[in-house]
Amino acid sequence: MKYRVIEIFTSVQGEGEVIGTPSNFIRLATCNLRCVWCDTKYSWEIGTEMTIDEIIAKIDKKIRTTTITGGEPLLQNVVPLAKELKSIGHKIVIETNGTIKPSEELRKIIDVFSVSPKLSNSGHKLKYDFSDDWATYYKFVIVYPNKDIDEVIKFVESQNINPRKVILQPDGNRSDYINAINEIVQIVLDRGLLFRVLPQLHRIIGVR
Ligand SMILES: Nc1nc2[nH]cc(C(=O)O)c2c(=O)[nH]1
Ligand code: SF4
Ligand SMILES: [Mg+2]
């Protein structure tokens, strides 16, 4: 089994419910979307072919969480890689855009599905179906706070998602990042929403 890989590195998990967790990152190649604000456009490339053994050799074994991200990692069959990571005792996080449903087999292996459905601010108009609620949490990138949060509210209602499973994340491209966080916090407080607001930790501390 071979994978198309963009990069492998170790850092602190910067996003979502598991923010702050030391983690290896395996960034798999290519994506089925082309979000206008994508912060990893280099992941759209074809990448380098690697075997599971080659990937495992590159991760820091003492860091016992591994995040499989992309691009869109579910374009490749991650089951064999995930099984190998489990066999060495790793917790596994998958970062996905939510357009590809994971198999039942994969759902049993993965600890955290960090799902980022794309709003219209991405340049895409997508049809999602989360009726089986397979995400551990749903993370939305907010570019235009009022408009985007309205869209999240509609999304969550129409998909029957528990609002406590929703995380709002400001657009990392904003140069006034702290303001961007504050604008979202203010709306959540003003409107009494149950969503959480989380910045990207790696964006703040300047690491990968
Ligand atoms: N530190 C750090 N945390 C991350 N969480 C999700 C990432 C991603 O690019 O998918 C990411 C990333 O690129 N770096
Ligand atoms: S789904 Fe993620 S990796 Fe793909 S284009 Fe959008 S932001 Fe970039
Ligand atoms: Mg990233």
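I started with ligand 2 and found Cys31, Leu33, Arg34, Cys35, Cys38, Thr40, Ser43, Gly70, Gly71, Glu72 and Asn97 around it (C-beta, placed from the backbone, within 6 Å of the molecule). By class I noted four nonpolar, five polar and two charged residues (Ala, Val, Leu, Ile, Met, Phe, Trp, Tyr, Cys and Pro count as nonpolar, Asp, Glu, Lys and Arg as charged, the others, Gly among them, as polar).

A reminder to myself: this is a predicted model, where local features need pLDDT of at least 70 and side-chain atom pairs pLDDT 80 or more, while totals for chains, interfaces and linings use all residues. Residues are numbered from 1 along each chain as its sequence is written, and chains are lettered from A and ligands numbered from 1 in the order written.

Next came ligand 1, with a shell that includes Ser11, Gln13, Thr40, His202 and Arg208. I logged two nonpolar, six polar and three charged residues there.

Then I turned to Thr65, which I located in strand 4 (residues 65-69) (strands are DSSP runs of E, at least two residues, numbered from the N terminus). Last entry: Thr65 and Asn182 are 117 residues apart along the chain, and their C-alpha atoms are separated by 30 Å.

Definitions and conventions: Helices (H or I, at least four residues) and strands (E, at least two) are DSSP runs, numbered from the N terminus.
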